[in-house]
Amino acid sequence: MKKISILGSTGSIGTQTLDIIHQYHEQFKVIGLTTHSNIELLFTQIKQFRPEIVAVANEGKVQSLRDMISTLDYSPIIIDGKKGIIEVACYGDTEIIVTGIVGCAGLLPTIEAIKAGKDIALANKETLIAGGPVVLPLIKKYGVKLLPADSEHSAIFQCLQGINDKDLRRIILTASGGAFRDVPTKKLQSVTVEDALKHPNWSMGKKITIDSATLMNKGLEVIEAHFLFNVDYQNIDIVIHPQSIIHSLIELQDTSVLAQLGWPDMRLPLLYTLSWPERISTNWKQLDLAKISNLTFQEPDYDKYPCISLAYAAGNTGGAMPAVLNAANEQVVTSFLNKEIAFLDIPRIIEKTCDLFIPNNSSQPTLDDILEADRWARETASMLVKNR
């Protein structure tokens, strides 16, 4: 029975992970849970899974949670604030930490979990996008496993099982195309937040759904794949695949291509991450290729989706630039969701923020460098939103 803690248990990744643990309770045990502020859902999870420790980032919500828990026949350790999230990440004999916290907020808890010898089920892209130069040396130093939990990188990871590093030539990331896949570029000037949140295939949180609409999610995945699989950016491609059945592919030196297929269901990569190196038999709906009938592909429109080029440029620049890109994106996506800017302002403000950043000419930034770049980019992007 693997012992698991979930950072961000009330979010999309966290709730789906708990659904898996509920279904396969003989294989997994919940040790720790965290939320930012959704104490109502956290309380429901506490009642069901009886964790040993929980944390709430929003300190003002903790007393209300304590009052709720006082009605139960047991009480977990309850802690608050950012330090509380880190404490859960490092707690006890937990074996795997599922990093479901959205954004750069997941970076520090992940780093501390690595130092505590915990394996990481990585569902937080920003950990490697912003912190790759710091995180990867720590993974090696502490001898822990970094297992990708999002569908694309899990697909690549699955395809690479039994493949020698030297045999990998190219990674091909598939993209659904997001909410505006079939919308002409000229009509993007008038799209709304509600339009952008209508993803055709996946059910995800608001931030990642907007990233899918701009295809920034795919650009960020390119950077993440570079760090995860040690592949040059020139050997990482993107292809639009509207059906979201092929979750990504690898090309080998002899031009053979391997793909991982499945219904668009986040539970599958999450389950594989938790059960690896084993496979757990499920009663989930099996893939029926005859019923799907057609799988189609097309090249991304880089004019329609400028965020892809911005991500490649940031990745090739290296250093703290990916952290700047990521932080600026988080800031402007929040502004868009708050209806402070238009959809097409998102790539414009990100590009301007990156252009204004003056790197320190270090290809190996420290954690302090990354955190400072993150802070600067959020502040700068916020200023550009106000002054646009």
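Colleague: Let's start with Gly11: where is its place in this predicted model?
Modeller: Happy to begin there, and do keep in mind that the model is predicted. UniProt, in an unreviewed entry, lists Gly11 under "binding site", along with residues such as Thr10 and Ser12. The place of Gly11 is in the loop between β1 and α1.

Colleague: Is Gly11 buried, partly exposed or exposed?
Modeller: Its relative accessible area is 28%. Buried means under 20% and exposed means over 50%, with partly exposed in between. Gly11 is therefore partly exposed.

Colleague: And Thr10, buried or exposed?
Modeller: Thr10 lies in the loop between β1 (2-7) and α1 (12-23). Its relative accessible area is 17%, and the cut-off for buried is under 20%, so Thr10 counts as buried.

Colleague: Which residue in contact with Thr10 is also listed by UniProt for "binding site"?
Modeller: Leaving aside neighbours within four places in sequence, Thr10 is in contact with Thr15, Thr34, Thr35, Asn38, Leu41, Leu42 and Gln45. The unreviewed UniProt entry lists Thr10, Gly11, Ser12, Ile13, Asn38, Asn124, Glu126 and Gly205.

Colleague: Let's turn to helices: how do α9 and α14 lie relative to each other?
Modeller: Two packed helices are described by the angle between their axes and the distance between the axes. Here the axes of α9 (residues 206-214) and α14 (residues 321-337) come within 10 Å and cross at roughly 100°. That makes α9 and α14 roughly perpendicular.

Colleague: How many residues of that contact are charged?
Modeller: From α9 come Lys206, Lys207, Ile210 and Asp211, which meet Asn329, Glu330, Val333, Phe336 and Leu337 in α14. The residues of this contact divide into 4 nonpolar, 1 polar and, for the charged ones, 4.

Colleague: Why is helix α7 described as largely enclosed, and how many of its residues are buried?
Modeller: What covers the buried residues of α7 includes β7 (146-148), β8 (168-175), α10 (216-229), β10 (246-252), β11 and α11 (267-275). Among the buried residues are Ser151, Glu152 and Cys159. Helix α7 (residues 151-159) is largely enclosed by the rest of the structure because its buried count is 9 of 9.

Colleague: Last one: is Asp374 buried or exposed?
Modeller: Asp374 is found in helix α16 (residues 367-387). Not counting residues up to four places away in sequence, Asp374 touches Cys104 and Ala327. With a relative accessible area of 11%, Asp374 is buried.

Definitions and conventions:
Residues are numbered from 1 along each chain as its sequence is written. This is a predicted model: local features need pLDDT of at least 70, side-chain atom pairs count only at pLDDT 80 or more; totals for chains, interfaces and linings use all residues. Side-chain values use heavy atoms; hydrogens and water are left out. Axes are lines fitted to C-alpha atoms, for helices over the stretch in contact, and angles run from 0 to 180 degrees between N-to-C directions. Helices (H or I, at least four residues) and strands (E, at least two) are DSSP runs, numbered from the N terminus. Angles under 35 degrees count as roughly parallel, over 145 as roughly antiparallel, 65 to 115 as roughly perpendicular and the rest as oblique. Contact means heavy atoms within 4.5 Å. Ala, Val, Leu, Ile, Met, Phe, Trp, Tyr, Cys and Pro count as nonpolar, Asp, Glu, Lys and Arg as charged, and the others, Gly among them, as polar. Buried means under 20% relative accessible area, exposed over 50%, partly exposed in between (1.4 Å probe, protein chains only). UniProt positions are given in the numbering used here, feature names are shortened, and annotations may be inferred rather than shown by experiment.
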